[in-house]
Amino acid sequence: MARVDHVDAIELRVFDDMTVEVALSVMAGAGVDHLLLCDGDDERTGSVTRAQLAVHRDSSAYTDHVRLRDVLDGPCPFVRPSTFSL
């Protein structure tokens with residue numbers, strides 16, 4: 001089971017070991033276009049957008065075992081959260 005935190009009521013934080021498929025499902029359910037990623041120590045490691053995940057999911061190298069940390073190409077710039085209601 002994935003842990004999803006509500007930070008400042010406008011950001012979603014998830015562990016970076018979440019699979020791409022689960023992350024896309026979380027984004028769709030929450031109505032957000034990005035997630036903030038944290039490592040096992042709950043330290044922020046970057047962010048990922050729905051568009052980035054869609055590109056990886058549609059690639060020929062994709063499997064359903066791909067984790068969010070696997071799609072980061074290095075340090076990811078922080079994405080400013082947009083306001084939404086849950």
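In strand E4, Ser47 is the bridge partner of Leu36. The model is predicted, so local features need pLDDT of at least 70 and side-chain atom pairs count only at pLDDT 80 or more, while totals for chains, interfaces and linings use all residues. Residues are numbered from 1 along each chain as its sequence is written, and side-chain values use heavy atoms, without hydrogens and water.

E3 and E4 (residues 44-49) run antiparallel and are joined by five bridges. Strands pair if DSSP finds at least two bridges between them. Five residues lie between the strands of this hairpin, and Asp42 takes a positive phi near 65°. Helices (H or I, at least four residues) and strands (E, at least two) are DSSP runs, numbered from the N terminus.

Not counting residues up to four places away in sequence, Val48 touches, among others, Met27, Leu53 and Val71 (heavy atoms within 4.5 Å).

H1 also packs against helix H2 (residues 50-57), at an angle of about 145° and with the axes 10 Å apart. Axes are lines fitted to C-alpha atoms over the stretch in contact, and angles run from 0 to 180 degrees between N-to-C directions. Val20, Glu21, Ala23, Leu24, Met27 and Ala28 in H1 meet Arg50, Leu53 and Arg57 in H2.
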